[in-house]
Amino acid sequence: MRIGIVGLPNVGKSTVFNALTSGSAPCSNYPFCTIEPNVAIVEVPDKKLDELASFSRTKEKKYTTVEFVDIAGLIKGASKGEGLGNKFLSNIRNVDVILHVVRCFLDSQVSHSFEEIDPIRDTDIINTELLLSDMELINNALAKIKKTDSKDKQILEKIGQKLNKGELIRNTPLTAEEKTALKGFQLLTLKPCVYLANIKEDDEKSASFAEKLHSKAKEDNCASVALSAKLNEEVAHLSDENEKEEYRKEFKIEDGLKKLIEICYNSFGFITFYTIANEKASSWAIMKGTTAIESAGKIHSDIEKGFIKVEVISLPELLKFASYEEAKNKGRVKIEGKEYIVNDAEVLYFKFH
Ligand SMILES: Nc1nc2c(ncn2[C@@H]2O[C@H](COP(=O)(O)OP(=O)(O)OP(=O)(O)O)[C@@H](O)[C@H]2O)c(=O)[nH]1
Ligand SMILES: [Mg+2]
């Protein structure tokens with residue numbers, strides 16, 4: 001899963017990035033502190049994988065990962081190249097989820113693009129830039145289609161009109177055919193999105209801004225989460241897990257990474273499957289509705305190409321037995337083909353040429 005972080009300059013994007021990745025991207029109190037994107041990969045903690053690894057006595061564990069991309073702040077006109085916006089946006093074209101950071105903390109020491117804090121205005125500015133950037137893509141594609149009556153042209157024209165009216169494509173009901181036609185475009189306003197209210201803990205004013213953003217998220221068909229980037233960053237830099245836990249308890253800080261990953265899984269239909277192979281237990285993230293052969297491709301293109309069949313058992317079922325062999329001998333492992341739709345928490349064993 002790849003997550004791209006967007007927002008106005010100086011709202012705390014790099015601080016969020018560091019908080020989520022225990023990273024050390026430069027953060028400072030001036031707009032456009034970030035120019036080149038910061039990229040970091042973190043493991044998704046997973047108790048089920050721990051259980052599977054101890055059950056199967058594998059030497060190694062490989063947790064599925066999330067990649068975070070932190071780009072420069074976007075401003076009005078970004079899609080037209082202001083502040084190098086176009087270049088910044090191309091760095092997040094291929095992410096799975098957009099994390100939109102919105103400033104909800106008051107701090108006279110930290111400058112803001114505008115005088116007042118206003119989460120609704122700020123989100124709308126960024127959304128407009130994403131929308132304009134999508135519009136440019138669609139218009140460029142339309143200019144290349146010569147056949148006047150082609151189905152693709154009709155679809156793109158419809159989408160172009162929606163964007164023109166300021167509609168985020170995430171809010172547009174799409175047919176299966178339209179979804180397929182749009183797949184290659186990586187439209188930013190179609191991607192699942194989380195609004196992150198960067199708040200000051202225990203602060204009424206900040207909480208009321210976050211509440212406004214929360215309602216706005218519902219309108220825009222986005223998920224939302226409120227957390228203090230700064231406090232989460234402080235916790236992230238403690239080295240010891242127990243120390244982190246204590247610090248969180250003392251200052252009533254929620255675990256930002258855990259919360260965000262939960263949101264992405266619960267709101268956007270990500271599920272996890274597991275494999276045991278070559279002395280290694282692994283977890284893999286896929287979207288609900290993914291077939292066995294597509295899941296094979298997540299592991300290696302050779303397994304996808306040479307796919308013969310897959311053995312399937314749910315993890316809770318498997319754990320009732322002493323070993324995988326025993327579950328198999330008792331007939332609890334099913335054999336499925338390419339088109340099988342994988343369910344959450346299934347253990348898969350692929351057979352391939
Ligand atoms: N008080 C307070 N300050 C914060 C918080 N989050 C970030 N800041 C400060 O805000 C300033 C900007 O933070 P950055 O993380 O660099 O912001 P950015 O959005 O990445 O900025 P650009 O890369 O310049 O667009 C820094 O001085 C941070 O310390 C917060 O939750 N509370
Ligand atoms: Mg930054």
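**A loop residue and the ligand shell**

Modeller: Happy to! Arg57 sits in the loop that joins α2 (47-56) to β3 (60-62). Please keep in mind that this is a predicted model. Arg57 is not a glycine, yet its phi is positive, at about 50°. Arg57 is also exposed, because its relative accessible area of 67% is over the 50% cut-off. A second residue belongs in this picture: Asn278, in the loop between β8 (270-277) and β9 (280-287). Asn278 is another residue other than glycine with a positive phi, near 50°. With a relative accessible area of 76%, Asn278 is exposed.

Now to the ligand site. Ligand 1 is surrounded by 22 residues, and the closest are Lys13, Thr15, Phe32, Cys33 and Asp107. The largest share comes from α1, which provides three residues.

In the side chain of Lys13, an N or O atom is 2.7 Å from a ligand oxygen. For Asn198, a polar side-chain atom lies 3.0 Å from an oxygen atom of ligand 1. Val11 takes part through its backbone, where a polar atom is 3.1 Å from a ligand oxygen. As for cover, ligand 1 taken alone exposes 650 Å², and the protein buries 91% of that.

Note on methods
Residues are numbered from 1 along each chain as its sequence is written. Chains are lettered from A and ligands numbered from 1 in the order in which they are written. This is a predicted model: local features need pLDDT of at least 70, side-chain atom pairs count only at pLDDT 80 or more; totals for chains, interfaces and linings use all residues. Side-chain values use heavy atoms; hydrogens and water are left out. A residue is near a molecule or strand if one of its heavy atoms lies within 4 Å of it. A polar contact is a pair of N or O atoms within 3.5 Å; within protein, one must be able to donate a hydrogen and the other to accept it, and residues adjacent in sequence count only if both atoms are side-chain atoms. Accessible areas come from the Shrake-Rupley method with a 1.4 Å probe; for residues, only the protein chains shown count as cover. Helices (H or I, at least four residues) and strands (E, at least two) are DSSP runs, numbered from the N terminus. Buried means under 20% relative accessible area, exposed over 50%, partly exposed in between (1.4 Å probe, protein chains only).
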